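Student: I have a structure to look at, and I'd like to learn how to read it. Can we go through it together?

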Amino acid sequence: MAIPIEGEIVQIHSYKHNGHIHRVWQETMVLKSTPKIIIGANERTLVTESDGRTWLTREPSITYFHTELWFNIICMLREDGVYYYCNMSSPFVFDNNAIKYIDYDLDVKVFPDMSYTLLDEDEYEQHKEEMEYPPVIDRILKANVNKLISWIQQRRGPFAPDFIEAWTSRHRLYKEMHNPE
């Protein structure tokens with residue numbers, strides 16, 4: 001699998017299990033790119049929903065994708081702290097200048113104090129039936145919810161205390177390199 005170049009602008013494409021596009025983020029700057037991990041940043045980027053509606057993200061965010069984990073993490077930088085939106089998803093692939101993954105409905109929202117809540121269990125159950133998620137997918141996703149919760153509790157990966165500062169600094173540096181005054 002090809003990987004993007006650090007500093008490059010890519011899109012993020014979220015699909016549903018049936019192959020239909022779910023959501024597209026127009027621009028994300030790649031801050032780190034390895035064969036297994038992509039960390040990106042975006043700010044006020046255009047998002048297009050499957051029904052054609054569009055909106056702009058409200059705050060800067062750092063995104064975390066992994067080729068071996070069944071979740072991705074959006075770290076939203078707000079005035080009162082960092083909020084995390086974690087999508088239970090397939091591992092990502094990078095194809096045609098886009099980070100692509102399948103969104104499996106379940107989400108975990110994490111608050112600045114590291115408390116969290118599991119969201120969209122009803123939607124997951126409905127789509128599991130409608131799109132016929134295989135039992136193995138159900139098992140993998142439930143195991144990865146547990147893995148994600150342990151990361152939150154242990155302050156691993158994007159939940160580590162220094163993660164946000166390191167990657168927001170890298171984002172500022174890349175923006176300065178691309179937009180010298």
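This is a predicted model: local features need pLDDT of at least 70, side-chain atom pairs count only at pLDDT 80 or more; totals for chains, interfaces and linings use all residues.

Student: Okay. Which elements cover the buried residues of α3?

Tutor: The cover includes the strands β2 (21–33), β3 (37–42), β6 (61–66), β7 (71–78) and β8 (81–89). The buried residues themselves are Phe 163, Ile 164, Trp 167, Thr 168, His 171 and Tyr 174. They span an arc of only 120° around the axis, which means that they sit on the same side of α3.

Student: Why do residues three or four places apart point the same way in an α-helix?

Tutor: An α-helix has 3.6 residues a turn, so residues three or four places apart point the same way. As for the other side of α3, you'll find Glu 176 and Met 177 exposed there.

Student: How far apart are the end C-alpha atoms of helix α3?

Tutor: They are 23 Å apart. With 16 residues (163–178) at 1.5 Å a residue, the helix should span 22 Å, so the two values agree.

Student: Do the neighbours of β4 run parallel or antiparallel to it?

Tutor: β2 and β4 run antiparallel, joined by three bridges. Trp 25 has Val 47 of β4 as its bridge partner. Three bridges also join β4 to β5 (residues 54–56), again antiparallel, and there Leu 46 stands opposite Leu 56. Four residues lie between the strands of the β4 and β5 hairpin, where Gly 52 takes a positive phi near 95°.

Student: Zooming out, how many helices and strands does the protein chain have?

Tutor: It has three helices and eleven strands. Along the sequence the pattern is β-β-β-β-β-β-β-β-β-β-β-α-α-α. The radius of gyration is 16 Å, close to the 16 Å the globule rule gives for 181 residues, so the chain is as compact as a globular protein of that length.

Student: What share of the residues is buried?

Tutor: Buried residues make up 46% of the 181. And among contacts with a separation of 6 or more, 48% come from residues 24 or more positions apart.

Terms used: Residues are numbered from 1 along each chain as its sequence is written. Side-chain values use heavy atoms; hydrogens and water are left out. Helices (H or I, at least four residues) and strands (E, at least two) are DSSP runs, numbered from the N terminus. The expected span of a helix is 1.5 Å times one less than its number of residues. Buried means under 20% relative accessible area, exposed over 50%, partly exposed in between (1.4 Å probe, protein chains only). The arc is that of the directions from the helix axis to the C-beta atoms. Contact means heavy atoms within 4.5 Å. The radius of gyration is taken over C-alpha atoms; the globule rule is 2.2 Å times the number of residues to the power 0.38. Two strands pair if DSSP finds at least two bridges between them.
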